[in-house]
Amino acid sequence: MQWLQLFIYLISLLILKTAAQIERDENGYIAYCPCMGRFGNQADHFLGSLAFAKALNRTLILPPWVEYRKGEMRSRQVPFDTYFEVEPLQDYHRVILMSDFMTQLAAELWPTAERVSFCYMERKSLQQEKNDPAAPNCHAKDGNPFGPFWDTYSIDFVASEFYGPLHFDVHHSAIASKWQNNYPADKWPVLAFTGAPASFPVQHENRSLQKYLKWSRKYRESAREFIRNVLPRGAFVGLHLRNGIDWVRACEHIKDSQQLFASPQCLGYKNERGELYHELCMPTKEAIVRQLKRTIKNVRQTQPTNEVKSVFVASDANHMIGELSSALSRMDISVHKLPEDDPYLDLAILGQSNHFIGNCISSYTAFVKRERDSHGFPSYFWSFPREKERQQAKAHEEL
Ligand code: GFB
């Protein structure tokens, strides 16, 4: 009897192991390092890379998110599924977690002697002695986060491939078939890019792919708990205040640019809804208070049954809790923030707010805006349209 039990146990183990094995995709894979910027930038790049992988009909290897902690010299790599579910992405296209690919498929499909890094053209190393004019290289692991990223999976490259003049705009040309012709999957099972095969900001055509990015259970539940347990019952307005010192400096570029970071989300990709101006990047405290009060009053008039009871503020620096609380005290509205800094939980809560006001230039705001668009939730931007223009339009309407 015991022998029979042992036999059944071993057979079930074997069945389970076979079922867990991941099938190889004969059409090939795409890997990349999200090596530019922080979360908002990486998320923009992710959507473009997903569209690119689909157009080339290759499985996208889901990279970890690259994070930077104060005082740490090397980036940290956080598994993709810490923040987002893998399964909903499969509704759009084939994807695999990078750790699964490396542990289950790489040894056979992408042996260490065949790992080639892809870049548009030669990338010079910061260490002069590594730059050999006779042997141009992508130097895919040079610097932070490049080295730490590939090191996470013990990946070293034996050669470089320069793919220029190919590009990633799969929506306006037949570029996908050129990629396939130049790099057939039987010879090139993995295209491993030094940076994302995508543009920043995200191409207009790829914005709607956000609907496949669903928060992981942990973040969904934490957001729900905060909304249920901390915020008073009733509607709430979510605010994104981007005002740290890096932002103050970034906003100085406004005067020399047509667009900056995520600004096409309000100005339009061809500036069809206007030009850049400084308040769009860095609204004054007074303008923030005015716009918030105006938004709440509008909601009270248009949706009297769903009155705003609180405001949730997400910020990288100054949440303006004191200023906002005293400005709203007579309206009986409380102002809240997370007890501890958590950029992801901030995003997940902003995505759920009844109304949202964000910063048009910020790709962090852009993430929230796209998620809300996918649910049909309303969003607005600080100082957009410009107060002057808004007042003129209002006066015109009244006439
Ligand atoms: O996400 P991100 O590329 O957006 O970078 P921007 C900003 C980072 O700042 C976020 C933190 O990933 C967060 O770590 N952060 C920003 C926040 N807002 C919040 C918030 O409301 N709550 C919390 N907890 N953290 C631009 C970049 O950042 O900044 C550019 O696109 C450049 O590459 C520029 O670096 C200076 O688009 O706002």
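Here are some friendly questions and answers about this predicted model.

Q: How many helices and strands does the protein have?
A: Let's start with the secondary structure of this predicted model. Both kinds of element are present, and the count is 15 helices and 13 strands.

Q: What percentage of the residues in the protein is buried?
A: A residue counts as buried when its relative accessible area is under 20%. Applied to the 399 residues of the protein, that cut-off gives a buried share of 49%.

Q: Among contacts with a separation of 6 or more, what share comes from residues 24 or more positions apart?
A: Two residues are in contact when heavy atoms lie within 4.5 Å. Take the contacts in the protein with a separation of 6 or more, and the share from residues 24 or more positions apart is 72%.

Q: How far apart are the mean positions of the positive and negative charges?
A: The protein has 47 positive and 46 negative charges.

Q: Which residues that line the largest pocket are the closest to its centre?
A: The largest pocket holds about 1100 Å³ of space. Its lining is made of 39 residues. Those closest to the centre are Arg38, Arg242, Asp246, Asp316 and Pro343.

Q: Which element supplies the largest share of the lining of the largest pocket?
A: Several elements each give at least two residues to this lining, including α2 (39-56), β10 (308-315), α13 (343-352) and α14 (363-375). Another of them is α8 (245-251). The largest share is four residues, and the element that supplies it is α8.

Methods: Residues numbered from 1 in each chain as written. Predicted model: local features only at pLDDT ≥ 70, side-chain atom pairs only at ≥ 80, totals over all residues. Heavy atoms only, no water. Buried < 20%, exposed > 50% of the residue type's maximum accessible area, 1.4 Å probe, protein only. Lys, Arg positive; Asp, Glu negative; His and termini not counted. Charge placed at Lys NZ, Arg CZ, Asp CG, Glu CD. 1 Å grid on protein atoms, 1.4 Å probe; cavity = no way out; pocket = protein on both sides within 12 Å on 5 of 7 lines; lining within 4 Å. Points joined across faces, edges and corners; volume = space filled by probe spheres on them.
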